[in-house]
Amino acid sequence: MKTVTAIALVSQKGGAGKTTITMQLAAALAAAGRRVAVADLDPQESALRWAEAAAGGAPCAETVFGVAGDARTIARALERGARDCDIVLLDCPPSIEHPHTLGALERADLAVVPVVPGPTDLWSTRAVEKLILLVQQRRPALRAALLPNRVQRTALAGDVLEVMREFSLPVLPVALAQRNAYAQSAVEGGSVFHLGRAAQAARDEMTRLAAALLDLSGAKKT
Ligand SMILES: Nc1ncnc2c1ncn2[C@@H]1O[C@H](COP(=O)(O)OP(=O)(O)O)[C@@H](O)[C@H]1O
Ligand SMILES: [Mg+2]
């Protein structure tokens, strides 16, 4: 059986942008010709609700499905749910103590940690990093990177981005800006790829992110 590339969106806090990035990234990867599934591992089921908001199914992924259970159950459910896909995005609960987060890290090829540049997110990112480094000791195949999200051009954001470079995990070469288009498309269950010209900057950003993650996860087409 073909193995699906799994990319997990992980953070210790709600509001870092896991669900937003999951759904926008699904659309960006689909636009790049990939078959994408989204697994919602958060009991709050935000990704499932996002997909439900779209009339006629989620336009950004082939399937959005809920997954629960221990690491083995999650791994099995992912292979089944994403059977016909190239990539499955794992939208994790907002806590590293939640067993689904560990289950996702046990299966993922790549873990992406969104970080909003502010002091509180830095603290919680230290905890996520610790968990990822621990899993990597057992599973060196797990790759991981930090993704600055909701970046604004302030001195504080600049300082935080500097501090992020001192983490053990690498910082992705793409950062996501604070943009209305990301929140707006959630209301309609769509993505920035379904919005007009005003969302072009967001689309460009997500396209660059998708390319960077395909590269890192080893899912790049040869
Ligand atoms: N880059 C961004 N620009 C603007 N709003 C964003 C951005 N990323 C996330 N948001 C908003 O922040 C809130 C939390 O995002 P969400 O994806 O639900 O976080 P999480 O899944 O990590 O809890 C949502 O209202 C979302 O629309
Ligand atoms: Mg979420």
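Predicted model: local features only at pLDDT ≥ 70, side-chain atom pairs only at ≥ 80, totals over all residues.
- Glu-45 has a phi near 55 degrees, a positive value in a residue other than glycine.
- Glu-45 sits in the loop that runs between strand 2 (36–40) and helix 2 (46–53).
- Arg-150 is not a glycine either, and its phi is positive at about 55 degrees.
- The loop holding Arg-150 lies between strand 6 (143–148) and helix 6 (155–164).
- Arg-150 counts as buried because it has 21 C-beta neighbours inside 10 Å, and the cut-off is 20 or more.

**Helix 3 and helix 4**
- Helix 3 (residues 71–81) packs on helix 4 (residues 99–107) at an angle of about 60 degrees, and their axes are 8 Å apart.
- That angle makes helix 3 oblique to helix 4.
- The crossing of helix 3 past helix 4 is right-handed.
- Helix 3 brings Ala-71, Ile-74, Ala-75 and Leu-78 to the contact, while helix 4 brings His-100, Leu-102, Gly-103, Ala-104, Glu-106 and Arg-107.
- By class, the residues of this contact are six nonpolar, two polar and two charged.

**Buried residues of helix 4**
- In helix 4, His-100, Thr-101, Gly-103, Ala-104, Leu-105 and Arg-107 are buried.
- These buried residues pack against strand 1 (5–9), helix 3, strand 4 (87–91), strand 5 (110–115) and helix 5 (119–138).

**Helix 1 and helix 8**
- Between helix 1 (residues 18–31) and helix 8 (residues 200–217) the packing angle is about 80 degrees, with axes 9 Å apart.
- Helix 1 and helix 8 are therefore roughly perpendicular to each other.
- Gln-24, Leu-25, Ala-28 and Leu-29 of helix 1 meet Met-206, Thr-207, Leu-209 and Ala-210 of helix 8.
- This contact divides into six nonpolar, two polar and no charged residues.

**Surroundings of ligand 1**
- Ligand 1 is surrounded by 18 residues, of which the closest are Gly-17, Lys-18, Thr-19, Thr-20 and Ala-183.
- Helix 1 and helix 7 (180–187) are the elements that give two or more residues to this shell.
- The shell around ligand 1 holds six nonpolar, nine polar and three charged residues.

Terms used. Residues numbered from 1 in each chain as written. Chains lettered and ligands numbered in written order. Axes fitted to C-alpha atoms, helices over the stretch in contact; angles between N-to-C directions. Helix = DSSP H or I, 4+ residues; strand = E, 2+ residues; numbered from the N terminus. Parallel < 35°, antiparallel > 145°, perpendicular 65-115°, else oblique. Left-handed = near helix turned anticlockwise from the far one by under 90°. Contact = placed C-beta atoms within 7 Å. Nonpolar A, V, L, I, M, F, W, Y, C, P; charged D, E, K, R; others polar. Near = placed C-beta within 6 Å. Buried ≥ 20, exposed ≤ 12 C-beta atoms within 10 Å, placed from the backbone.
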